[in-house]
Amino acid sequence: MAAMTSVIEGKPDVVRTTVTVLFAGGHLLIEDVPGVGKTMLAKTLAKSIDATVRRIQFTPDLLPSDVTGVSIFNQDARRFEFRPGAIFANVVVGDEINRASPKTQSALLESMEERQVTVDGTTYTLQAPFIVMATQNPIEMEGTYPLPEAQRDRFMARISMGYPSPGAELDLLESHGASSPLDGLTAVTDADTINRVVQAVAHVHASPAVRQYIVDLVARSRSTSALRLGASPRAALHLLRASRAYAALEGRDHVIPDDVQVLAGPVLAHRLMPSSETQLARRTTADVVTDLLRQVPVPPAAR
């Protein structure tokens, strides 16, 4: 986080959420207006880890085989050989993911959920750790294809960079004005270490009361009139995993309700579909998540 903060200035909460998703073994969707550092955040995380990194620039003419790979016939060996696509990396940076066609977007579904790719009937396992960090611009909609619900549900969290404060923007001009701070960034960890962290985080204790709290939040999202589509069981699982990673980052070996509340917005909001009444009232799904946190009773922070 210290290495990333040296490049992404004035956004400690964004950096913490990014590292939380990495340690929880999830994928991250970065959604915001142009020029606020979405791609820079993804590249900063990638360069902080001594691991394989691939960047995919999603465009309307990008083919599914460009992402997953393709089998090519070898004339000398008289057999087909598999040429891996850009998805075969530890950190995959998907730039402007909503500019690719739905067919190409769907090429990510299997890899994001099952950590594998199937081409021509043969399944290839992706190397761990594996994280997809995708960016998209919610403002400029010309030539874009909105992510389907199934795709959004596979992202553990969605974050927005937001504009920097005047002080942070002044520092930005000073540090980024002459050269990119990415040039001086060196890796502070490696893939094996991240793997061990992910395995350790999975054993952080979550009490029955905390797990019930997560289930109650998700269940309430399915029954409220403010939403057309509530959170899925996958959303509950992702919220638990993210809460465990956040607790570990805070130096605890157990999850408390505060961890769930901090992450409820980033983990749940992008999966929900607002009702027409909510849209007419100009309320976002993040506002609805805030309401749910107020409505669902908080359990005691017992271990």
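These questions and answers concern the fold and the nonpolar cores of a predicted model.

Q: How do you know whether the chain agrees with a compact globule of 303 residues?
A: The rule is 2.2 Å times the number of residues to the power 0.38. For 303 residues a compact globule would have a radius of gyration near 19 Å, and the chain has 20 Å, so the two agree. Along the principal axes, the C-alpha atoms fill a box of roughly 70 × 50 × 45 Å.

Q: What makes a residue count as buried, and what percentage of the chain does so?
A: Buried means under 20% relative accessible area. By that cut-off, 49% of the 303 residues are buried. The chain exposes about 14,600 Å², with carbon and sulfur atoms supplying 53% of that area.

Q: Why is a set of residues called a nonpolar core, and which members of the largest one touch the most others?
A: The name applies because its members are buried residues of the nonpolar kinds listed for a core, joined through side-chain atoms within 4.5 Å. The largest core holds 63 residues, and Ile-30, Leu-41, Val-260 and Leu-268 touch the most other members. Helix H11 (residues 233-249) gives the largest share of this core, 8 residues. Another core lies apart from it and has 23 residues, including Leu-29, Val-117, Val-119 and Ala-134.

Q: What is Val-260 in contact with beyond its neighbours within four places in sequence?
A: Contact requires heavy atoms within 4.5 Å. Val-260 has such contacts with Val-210, Tyr-213, Ile-214, Leu-217, Leu-239, Ser-243 and Val-255.

Notes: Residues numbered from 1 in each chain as written. Predicted model: local features only at pLDDT ≥ 70, side-chain atom pairs only at ≥ 80, totals over all residues. Heavy atoms only, no water. Buried < 20%, exposed > 50% of the residue type's maximum accessible area, 1.4 Å probe, protein only. Helix = DSSP H or I, 4+ residues; strand = E, 2+ residues; numbered from the N terminus. Areas by Shrake-Rupley, 256 points an atom, 1.4 Å probe, with all protein chains shown as cover.
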